Amino acid sequence: GAGVGPGDFVPRRRVGQFFVDAGKKAVDHAAIKVVPKAVTKVSRSQGGYLVEAEGEEPCECSWIVLATGAPAASGSRAARFGDVEGVLCADASNEVPRDASVGIVGTGLTAVDTLRLLRLRGHTGPIVMASRNGRFPPIHRPHFDPSVLAEAPFQMKQCTAAAIASLPDGLDANELFMTHLKPLVEADLAELGPGFMDSIGPQAVTDGVAELEKTVADYDTGETFRWQSAVVFGMAPLVAHVWGKLSEAGQKEVLGSPWARVFHNCMNPMPVESGKVVLEASRAGMTVRSGLKAVTRTPSGFTLDSEGNSDPVQHVVDCTGAEFRLSQGGPMFQSLLEAGILTEHHAGGAVCHPGTLQADQAGGGVFVMGHLVRSAHYMTSGLTYCLIHASMVSAVLREKVKAP
């Protein structure tokens, strides 16, 4: 069809279909065998691993790359809200009548996508968006060339990936951030003066509708801080190193803190057109709540209970995302766990090496990517990160295939 521009909204299903089509073209030009069947079991064998699929002969493999994505959501997400029934997943938002009131749980990218799709379908009913912090992701900045970093009045010389990698392992959050990282960051920022964080902060964190409106206005007028954006996005490679230095307790502490969501939103911004849709909906009467505590079923629908508010709605759409629990991932993941090939991580996904993404500590031939790498990389989802994971795995496999 027609091409799209940098700020155009492209539904995720359409993006997915693009990759499916591209994959089919690749298969036509390479020695790739596609087996359109569900894998039911993976076990160890003398040659490496034995993969069994429904109705197919077992296939022996030397290497396995698990790129399964997050588990498919069903029409009801009652498990997310205890005994509450009738909560829809984001993909089922088309079941909401156009004139019905709807509560969107979450204010991240999935929530923004859902709001966009509701409005495209002509939805006119009241909307309540609620999350723990009530913040939206910032909008995309214009793509920048690495040379833009030269405009910054400083370069990160102390707080680098190499410096973080050299720190001790198994640190708790306070020890890592305050004892080890804070002095490095302060050394790099010392020459900037006290006003620097005030200038970059509003660009890094969109705090509610008012800040989003300012961000969109800045984008439209071209009044953007080009190098500040480059610095924020340039922090992404450091995340894996920081995450890998935390103890299990430290990782749990970070995952439960507001900073985890803030950083996630900074690294996964939304298209500018989606930001404008959020503003239009807000001006049309959409309510945005922070401090979400519970979703409660009522005779007429639901209530979204947040700090000091209880908003009644007829339908609720869960847009909070999913943590990939291997133990709930079906027969294939059950067999991988039982065989000791994978180990489940407390934050979701599988335990893996942060540099190679190898997950089988004994055999070394199983790699994970995407949502499965929560143990080593806090940032797991999104096209950019999946491509980075694929590149890491490909690099390791190329070296192993060359080996005698």
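Which residues have the most contacts inside the largest nonpolar core? The points below start there. The model is predicted.

1. **Main core.** I64, L66, L336, L342 and V368 have the most contacts inside the largest nonpolar core, which holds 26 residues. Helix α13 gives the most, with 4 residues. As a general point, nonpolar side chains tend to be buried together in soluble globular proteins.

2. Setting aside neighbours within four places in sequence, I64 is in contact with V42, Y49, V51, G365, V366 and F367.

3. **Second core.** A separate core has 22 residues. Its members include L118, M129, V277 and V317.

4. **Helix α11.** This helix covers residues 272-283 and has 12 residues. From first C-alpha to last it reaches 17 Å, close to the 16 Å expected at 1.5 Å a residue. Its buried residues are V272, S274, G275, V277, V278, L279, A281 and S282. V277 is also one of the residues of the second core. Just after the helix, G285 takes a positive phi of about 115 degrees.

5. **T114 in α2.** T114 sits in helix α2, residues 109-120. Is T114 buried or exposed? T114 counts as buried because its relative accessibility is 2%, below the 20% cut-off. Beyond four places in sequence, its contacts are A90, S93, I104, V317 and C319. Of these, V317 belongs to the second core.

6. **Cysteines.** How many disulfides does the structure hold? The count is 0. C319 is in no disulfide, and the nearest cysteine sulfur, that of C89, is 8.8 Å away. A disulfide needs sulfur atoms within 2.5 Å. C319 counts as buried, at 5% relative accessibility. C352 counts as buried too, at 8%.

7. **H345.** This histidine lies in the loop between α12 and β13. H345 is buried, with a relative accessible area of 10%. Which side chain does H345 join through a polar contact of 3.1 Å? The partner is Q251. Leaving out neighbours within four places in sequence, H345 is in contact with Q251, R325, A350, V351, R374 and S375.

8. **I388 in α13.** I388 has its place in helix α13. I388 counts as partly exposed because its relative accessible area is 41%, which falls between the 20% and 50% cut-offs. I388 and G370 are 18 residues apart in sequence. In space their C-alpha atoms are 9.4 Å apart.

9. **Whole chain.** The protein chain has 13 helices and 13 strands. Of its 404 residues, 42% are buried. Among contacts with a separation of 6 or more, 66% come from residues 24 or more positions apart. The chain exposes about 21000 Å². Carbon and sulfur atoms supply 55% of that area.

Technical notes:
Residues are numbered from 1 along each chain as its sequence is written. This is a predicted model: local features need pLDDT of at least 70, side-chain atom pairs count only at pLDDT 80 or more; totals for chains, interfaces and linings use all residues. Side-chain values use heavy atoms; hydrogens and water are left out. A nonpolar core is a set of buried Ala, Val, Leu, Ile, Met, Phe, Trp, Tyr and Cys residues joined through side-chain atoms within 4.5 Å. Buried means under 20% relative accessible area, exposed over 50%, partly exposed in between (1.4 Å probe, protein chains only). Helices (H or I, at least four residues) and strands (E, at least two) are DSSP runs, numbered from the N terminus. Contact means heavy atoms within 4.5 Å. The expected span of a helix is 1.5 Å times one less than its number of residues. A polar contact is a pair of N or O atoms within 3.5 Å; within protein, one must be able to donate a hydrogen and the other to accept it, and residues adjacent in sequence count only if both atoms are side-chain atoms. Accessible areas come from the Shrake-Rupley method with a 1.4 Å probe; for residues, only the protein chains shown count as cover.
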